[in-house]
Amino acid sequence: MSDWMIELVDITKRYGNIVANDHVTLRIRRGELMTLLGPSGCGKTTALRCITGQNIPDEGRVFIDGKDVTDVPTHRRELGMVFQNFALFPHMTVFENVEFPLMIRRMDKSERAKLVRDALKLVRLEGYEKHYPRQLSGGQQQRVGLARALVYRPKVLLLDEPLSNLDAKLREEMRFEIKDLQQRLGITAVYVTHDQEEALALSDRVAVMNKGCVQQVGTPAEIYDHPATKFVADFIGLSDFIPAKVVAVEPERVVLDVQGERIAAPPSESVSPGLDVLLFIRPNDVRLRAAEGDRQPNEIAGVIAKSTYLGDKFDYRVDVHGVEVRVQTHGAERFDNGQAVYVYLPHERCRIILESLVCPVR
Amino acid sequence: MRTLRQYLQALLNAKKLLAYTFLLCFFLWVTTPFLMILLKSFGRNWFGKLWFPPEFTLDWYKWAITVTNVPEVLRNTLVIAGIAVTISTLIAIPTGWALGRRQIPGKEVIMSTILLPRMIPPIAYALGVAQIFYRLHLIDTHIGVAIAHVAICAPYAILVLSSTFEGLDERVLEAASVCGANNLRTFFHVTLPLVMPGILSSIIFTFTTSYNEFTLTLMTYGPKTITLPVRTYLAVGEGYWEVTSALSMILIIPSLFVLFMIQRQVQPEKLVGGFKGV
Amino acid sequence: MASFLKKHRYALISFVMLLPGLASFFGLFFYPMLVTVVRSFRPEGVTTAWTLRNYTDFLGQASTRQVILLTFFLAIACTLLSIVLSVPLTLLLRQKLAGHRLFRLTILVPITVPGLVGALGLLLFYGSRGWLNLLLMQGLHVVQEPVKINYTLTGLVIFYVWHYFSYTAVTTLSTLEGLDPAFEEAARVAGASPWQVLRHVVIPLIMPGILAGSVLTFMAAFGAFSIPLITGGSYRPLAVQIYKQIEVFTPARWEAASAMAVVMALLQLVFLTFYMRVLRRPTAS
């Protein structure tokens, strides 16, 4: 038995001239929740539809549970799916909706009733059996959707932006509920979303996609702390990108030239002296102090261009030799517009990113 | 201040009064003709300047039933309408599905082509239909008259059903297939129940159209296939207004039923509807 | 062959499903229409030769122009009066006054009941012993003798409006109900009087609906057959005139009737094309 529950191998899908999925390869482990994260049009839905079989890829193969299902129609793939607009059958009651997959499988009537009851209990909707979908709130409807997807214990649970039709508060609540359910059942789940916060909070692993490519696959922490591309860094959280040139590559560090000043960064693959790169750092990792005394290593001089009070923090735009660096501080110390400051870029928080890198995961 | 408010209120009421007068006049303008038919069909010796008939009788209905042979005429009408509705619906379900759910190049053109019969005066192609049916010996057969009605009913049914199919939520159908239902089972368990209201309203409309159809019937009927509208027309020609009125009252009953159905569940704009291209 | 089927499976299924609709179109409309057109070019009683005589005869008659004018006059008068009736009517119905459901249903009466029944009722109501004349003579005492309405041009226009205004009214009403009240509120806030709101905001916004509905009324009125057949008297618009060629003459003059039908269909198509051009102008939408 392979470790992978779902494998998309080198999938390419075109719509006319548009390449929706460009050699996408994704492997999802048994029992893990993987998020496909990206802006609209990034190809995450196309990839999901390759798993469900609503799309047949132009190139590449799809495996579920070790079996090649590329040419297997949707209804024989044994999947469970939750939809953004719930997609409940409006002419059926809650009970009938949840019963539908069992009815299709010609299961025994009493067996069905039991499984439906269990599924409704799982999503805490007991007592709503006779209601019609339109009589339920958005959150309740999505719970019915979950119950319908889970009732016959599919191998895989697919969730296509399941929370984006709900209001913010409910969204957060349902997020934990879904995570909890998935862990209790130990089911493999693929979760499609454009909401980075949701992805970070829910996932075992995240696959960030853009322009039909997988940009990076990793745990939420890896994705946040070690973004592989400028896009990933930018899409997840605030980022500073400072243009720099590689001066020296040493075993312990890489020395960069930022506007004539020297900055040291941790070692990075495939860099060589003379290469133009981006120095990436999160604004809340940068520190500021008034420009007094000698500058320490990895400190560069700048001038406060704009400051904004955000309640729990200050947001500064610092002009560093013509390059704008964004800094967020929680400290009590305030800096005024026009004040000269030293900007400290902690060595261990700096990352080197190649701007030319667009589709790293092939 | 208070007088001012009272004055304004009075003005408002005057406006309301005017509105109701207008609506009432409209209501009477539309409905009194039927009231007159009703009175005429029950009245005896209603001559001269009288508002109401002096005596009431059921004779005209008896006459209508015996002389103008209402039972057979009614049977003809219903049989023809039944066949026309069935054929139109059977045509419209696949065609409406294709137009509503499939990507078809030139869909707009196909749609307006199919609707063309509703934009050309029926008498123009009724002439052709009559000549073709003479050759095929379809004149004066129930099936023949019904097929002629399909020329008008089918575009209607296709229009209503294609917009019903188009309105189906793609995701609900996807959900069915993810749940394990193949195309056929999705169609019978999900698609069909969801488009049932559309099919029903299409049936109501095509039935009304066929039931009331006059032009095409007049060109294809014969002694064995006299329908109610044709019978009414002939009765008007014969000049017995009382009998004609009685006949009309019988003719009107299904229409009232249809009106009731429309009011219950169908949006009226669909009835006149759908010259979307226009 | 098999690979062709597989490659074009989607298109093939679509086509097969479209077939019934297309078949009914070609069999029951296109082919009969073709028969009509072909017949219109045949000499009377002959099925092989070609001639233009049916057209020259029909178009050459002095009465033809009157018939066409009458048909257009009835259709246009009916369309205009329907708009004049529908706009205030729907504006009132939109306010959901008590009993508005009944009035809404009333709008649908003329298009659900058989036209012949409606015509009969109208003949009774407007007749010399009908309630209208009784009201004028005995109720209001405005006239001594009954006013002749039946079988006059005025009467015919009234009957046409009664039968065909529903299309305009229903379409206007549904457009009006789909109108976002925010537009009117915005206009009111901006200082417009109710009349100005109606004139500058509501009417322009529902114009597309009014026009679309009036097209339906026009088409119905132009092709009207049963109504003028029994209520027209000596006024015979095109459709009736065509039918008379079949009914009155023995043997039936199929060729002449066909030529008239082709002219009628063309007139309607030309007018509709023109009308839709006007409709689609940006100002109208």
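Contact is defined here as heavy atoms within 4.5 Å. The structure is a predicted model, in which local features need pLDDT of at least 70 and side-chain atom pairs count only at pLDDT 80 or more, whereas totals for chains, interfaces and linings use all residues. Residues are numbered from 1 along each chain as its sequence is written, chains are lettered from A in the order in which they are written, and side-chain values use heavy atoms, with hydrogens and water left out.

By the contact criterion, the interface between chain C and chain B takes 88 residues from chain C and 89 residues from chain B. The two chains bury about 8100 Å² between them, with 81% of this area on carbon and sulfur atoms; buried area is the accessible area (1.4 Å probe) that two parts lose on being put together, summed over both. On the side of chain C, the residues C:L28, C:T112 and C:W131 supply 10% of the area buried against chain B, more than any other three residues.

Chain B is divided into domain 1 (2-57) and domain 2 (69-270), with bounds that come from an automatic or database domain assignment. The C-alpha centres of these two domains of chain B lie 35 Å apart. Between them, 6 residues of domain 1 of chain B are in contact with 7 residues of domain 2 of chain B. The two domains of chain B bury about 540 Å², of which 80% is on carbon and sulfur atoms. In domain 1 of chain B, the residues that lose the most area to domain 2 are B:I37, B:K40 and B:S41, which together account for 69% of what that side buries.

An open sheet of 6 strands in chain A has the order β6-β7-β8-β3-β9-β10, with mixed pairing. Its edge strands, β6 (79-82) and β10 (213-218) of chain A, each pair on one side only. Neighbouring strands of this sheet are turned by 20° against each other on average, direction ignored. Helix α4 (residues 138-150) of chain A packs on the sheet and touches β6 and β7 (156-160); the direction of the helix makes about 175° with that of β6(A). Axes are lines fitted to C-alpha atoms, for helices over the stretch in contact, and angles run from 0 to 180 degrees between N-to-C directions. Within the sheet, strands β3 (residues 33-37) and β8 (residues 188-193) of chain A run parallel and are joined by 5 bridges, and A:M34 has A:V190 in β8(A) as its bridge partner.

Strands β1 (residues 4-15) and β2 (residues 18-29) of chain A run antiparallel and are joined by 8 bridges. A:I11 is bridged to A:V24 in β2(A). The two strands form a hairpin with 2 residues between them, and A:G16 in the turn has a positive phi of about 60°.

Positive phi also occurs at A:R106, which is not a glycine and has a value of about 55°. A:R106 lies in the loop between α2 (94-104) and α3 (109-122) of chain A and, at 64% relative accessibility, counts as exposed. Buried means under 20% relative accessible area, exposed over 50%, and partly exposed in between (1.4 Å probe, protein chains only).

Notes
Pairing = 2+ DSSP bridges. Helix = DSSP H or I, 4+ residues; strand = E, 2+ residues; numbered from the N terminus.
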